[in-house]
Amino acid sequence: MSQNYQTMWKNLGLDLNAHDMLLEVLGKGYTDIYLSQSNRPTGMGYFDFVMSEVHGLRIKELLDEKAAGRKIVGSYCVFVPEEIILAANATLVGLCSGAEFATEAVEKLLPRNTCALIKSSFGFKLGKVCPYLECADMIIGENTCDGKKKSYEILNDLVARLYVMDLPQMKSPGGKAILKSEYYRLKDEMEKLTGVVIEKDRLKQSIDIVNAKRKAIHRLSILRKANPVPISGLDALLANQVFFYDNPARFTQSVNALCDELENRVKDKTGVFPESTPRILISGCPMAVPNWKLPWVIENSGGVIVGEESCVGERGTRNLTDTSGNTVDELMEAIVNRYFDIDCAVFTPNPGRLQHIMEMKEAYNADGVIHYGLQFCQPYSIESGRVEKALQAENVPVLCVETDYSQTDIAQLETRVQAFIEMLK
Ligand code: SF4
Ligand code: SF4
């Protein structure tokens, strides 16, 4: 990445040495995992470029937006409605992190047995290595799992402006009412932050922008149903990860261009792996950049990933927001309805997620499901038992794995995944 950005990073308060270390690890991981794949669609060149400029050009764009008076908002969860953020003339960026950093410092603030995702987010802050975090004018946290809920009390002391949403835990009328009142509270907060009143046309336009992103991802997902699969699971995951921080219009255009190419591949029966390759559905915790360990293991063990039942995947993107409303209240209602359908494991009970896994298994013609749980993530770890039982009852092969962001268990993961894929063959 260009040395021209050194001043920008310094001005953001990053620790330049630590940041160099992070970029080196990220760059090496990307080269080893992504650039070593064969037969990639040329449309992935855009995503390679995005990754090479993830702390460069994109940050410069965000800083240019700030200089022009636009606010940047960071978030850690797909329950934060991008439609409302955009309608207030702000930009939303995902802050979830997928790599270990400054673990020693993190464990002075958080218990060691906290999930890797939360620890990583803290590590990026304490290590002063995340330009997205540092350029955000406001960070939105949310009461989903206990780990996040309590850690925000500590994060509050580390960042300038943290806003926490109170999210429901049950899919009941009362739960929906909580979500609705929280989305109105967020709307007010965004209007205060930006000075922009969220009126009907702005909201409608923002819904269209976010729906277009999701529709492009839906197109990509549908193409993955083909056999042979025209794109690797690793590449499709990357597109789903970039969804969270790229410019929305450019992202939509780039995914659609990729899909044009994939449509031709499907017509020509050009795949990234042979037709006989076992097809795997991944289900579970979200995978943030650069958490590519398990997908890499799967696709280097003779399988191909055809879908992700995950917040960085179909759980996060599957539903569109209805645009037929003619008032702010009607559009807000549509947003609430759309987000209330997200089947996060923090809900109790959560039968919708089991049903969605079954639907995805059928739709993507998956031969087996690998449930991915982050160590110390209680909601998904506990729910994995129900997922396993439900799949076994339908004679669907399932493997439950629990891991973290370290590389120490790769050999063990390979052994388990290879045995599972052999069994599918
Ligand atoms: S898994 Fe739950 S808490 Fe995590 S991003 Fe998804 S909805 Fe939010
Ligand atoms: S992975 Fe699990 S424990 Fe970690 S933040 Fe998400 S829901 Fe919470």
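Visitor: How do β1 and β3 pair, parallel or antiparallel?
Guide: Parallel: in this predicted model, strand β1 (residues 71-75) and strand β3 (residues 138-142) pair over three bridges.

Visitor: Which residue in β3 is the bridge partner of Gly 74?
Guide: That's Ile 139.

Visitor: And what's the strand order in the sheet?
Guide: The order is β2-β1-β3-β4, four strands in an open sheet with parallel pairing. β2 (90-94) and β4 (162-165) each have a single partner strand and stand at the edges, so one side of each has no neighbour in the sheet. From one strand to the next, the twist averages 25°.

Visitor: Which strands does helix α9 touch?
Guide: Helix α9 (residues 146-155) packs on the sheet and touches β3 and β4. Its direction makes about 150° with that of β3.

Visitor: OK, and α10, which strands does that one touch?
Guide: Helix α10 (residues 173-194) touches β1, β2, β3 and β4 as it packs on the sheet. The direction of α10 makes about 165° with that of β4.

Visitor: Switching topic. What does the domain assignment give?
Guide: Domain 1 (3-199) and domain 2 (204-320 + 344-424). Their C-alpha centres are 22 Å apart.

Visitor: How many residues of each domain are in contact with the other?
Guide: 48 residues of domain 1 are in contact with 52 of domain 2. About 4300 Å² is buried between the two domains, and carbon and sulfur atoms give 66% of that.

Visitor: Which residues in domain 1 lose the most area to domain 2?
Guide: Tyr 34, Phe 47 and Glu 83, which together make up 14% of what that side buries.

Visitor: Now the ligands. Where does ligand 2 lie?
Guide: Ligand 2 lies between domain 1 (3-199) and domain 2 (204-320 + 344-424), because both give residues to its shell.

Visitor: Which residues are around ligand 2?
Guide: There are Cys 115, Cys 145, Cys 285 and Cys 377, along with Ile 118, Lys 148 and Leu 374. By class, that shell has six nonpolar residues, no polar ones and one charged.

Visitor: And what surrounds ligand 1?
Guide: Cys 77, Val 78, Phe 79, Thr 144, Lys 148, Pro 286, Cys 311, Arg 315, Cys 344 and Tyr 380 surround ligand 1. Lys 148 is listed around ligand 1 and also around ligand 2.

Visitor: How do the residues around ligand 1 divide into nonpolar, polar and charged?
Guide: Seven are nonpolar, one is polar and two are charged.

Visitor: Which domains does the shell around ligand 1 draw on?
Guide: Domain 1 (3-199) and domain 2 (204-320 + 344-424), with at least three residues from each.

How values were computed
Residues numbered from 1 in each chain as written. Chains lettered and ligands numbered in written order. Predicted model: local features only at pLDDT ≥ 70, side-chain atom pairs only at ≥ 80, totals over all residues. Heavy atoms only, no water. Near = heavy atom within 4 Å. Nonpolar A, V, L, I, M, F, W, Y, C, P; charged D, E, K, R; others polar. Domains from an automatic or database assignment. Pairing = 2+ DSSP bridges. Helix = DSSP H or I, 4+ residues; strand = E, 2+ residues; numbered from the N terminus. Axes fitted to C-alpha atoms, helices over the stretch in contact; angles between N-to-C directions. Contact = heavy atoms within 4.5 Å. Buried area = accessible area lost by both parts, 1.4 Å probe.
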